[in-house]
Structures are given as structure tokens and as C-alpha cells.
Amino acid sequence: MANMKVLLPQFGMGMQDAEIVRWLKAIGDHVEAGEPLVEVEAAKTTVEVPSPGSGTLTEILVGEGESADVRSHIATIAV
């Protein structure tokens, strides 16, 4: 089984990091490509980040209330 990294996307040119507001899926949940996976807050705006692919969420690396840099690995999906 292959693993897919979920990376924190950059929503604006000046965005350098974002805070994880809420995970919409838990470890062990099945996710579909494009399905909302996590809510993040950047520049006082909350945005849903979609799943980059279909599979099972196996790892959450950045918890709620924690910050992550743009393009950093925040979760893993087994495909």
C-alpha cells in the first residue's frame, strides 16, 4: 500500500503558515479525493483543505490549534 502526503497548500502570495482549526476526518476514516479534510486559518480566514486523493487517513502530524508552514506535511493517506 502506498502513502500519500497531505501538504498544507498556499492560499495567497504572502501566506507563510496557517493554524489547524479542526480536522474533519479522524485517523482510520476513508476519504475521497476532493472531500474536505481539514479546516485551516490563515490571515484571519478559515478555509477547508480538500483531500489530495482517495484512501484511508493513517496519520495526523499537526494537531488542532497548532501551526504549520506552507507546503509542510500535515497528514498521511494510505492509498
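**Figure 1. Overall size of the chain.** For 79 residues, a compact globule would have a radius of gyration near 12 Å, and the chain agrees, with 12 Å. The model is predicted. Its C-alpha trace spans about 35 × 20 × 20 Å along the principal axes.

Figure 2. In sequence order the pattern reads β-β-β-β-β-β-β-β. Contacts between residues at least 6 apart in sequence were examined in the chain, and 55% of them join residues at least 24 apart.

Figure 3. Of the 79 residues, 33% count as buried. The chain exposes about 4,500 Å². Carbon and sulfur atoms supply 50% of that area.

**Figure 4. Ala-43 in the loop between β4 and β5****.** The loop runs between β4 (36–42) and β5 (45–50). Most residues other than glycine have a negative phi. Ala-43 is not a glycine, yet its phi is positive, at about 55°. Is Ala-43 buried or exposed? Ala-43 is exposed, because its relative accessible area is 76%, and exposed means over 50%.

**Figure 5. Lys-44 in the loop between β4 and β5****.** Lys-44 also has a positive phi, near 65°, in a residue other than glycine. Its relative accessible area is 76%, so Lys-44 is exposed.

Notes:
Residues numbered from 1 in each chain as written. Predicted model: local features only at pLDDT ≥ 70, side-chain atom pairs only at ≥ 80, totals over all residues. Heavy atoms only, no water. Helix = DSSP H or I, 4+ residues; strand = E, 2+ residues; numbered from the N terminus. Rg over C-alpha atoms; globule rule 2.2 N^0.38 Å. Buried < 20%, exposed > 50% of the residue type's maximum accessible area, 1.4 Å probe, protein only. Contact = heavy atoms within 4.5 Å. Areas by Shrake-Rupley, 256 points an atom, 1.4 Å probe, with all protein chains shown as cover.
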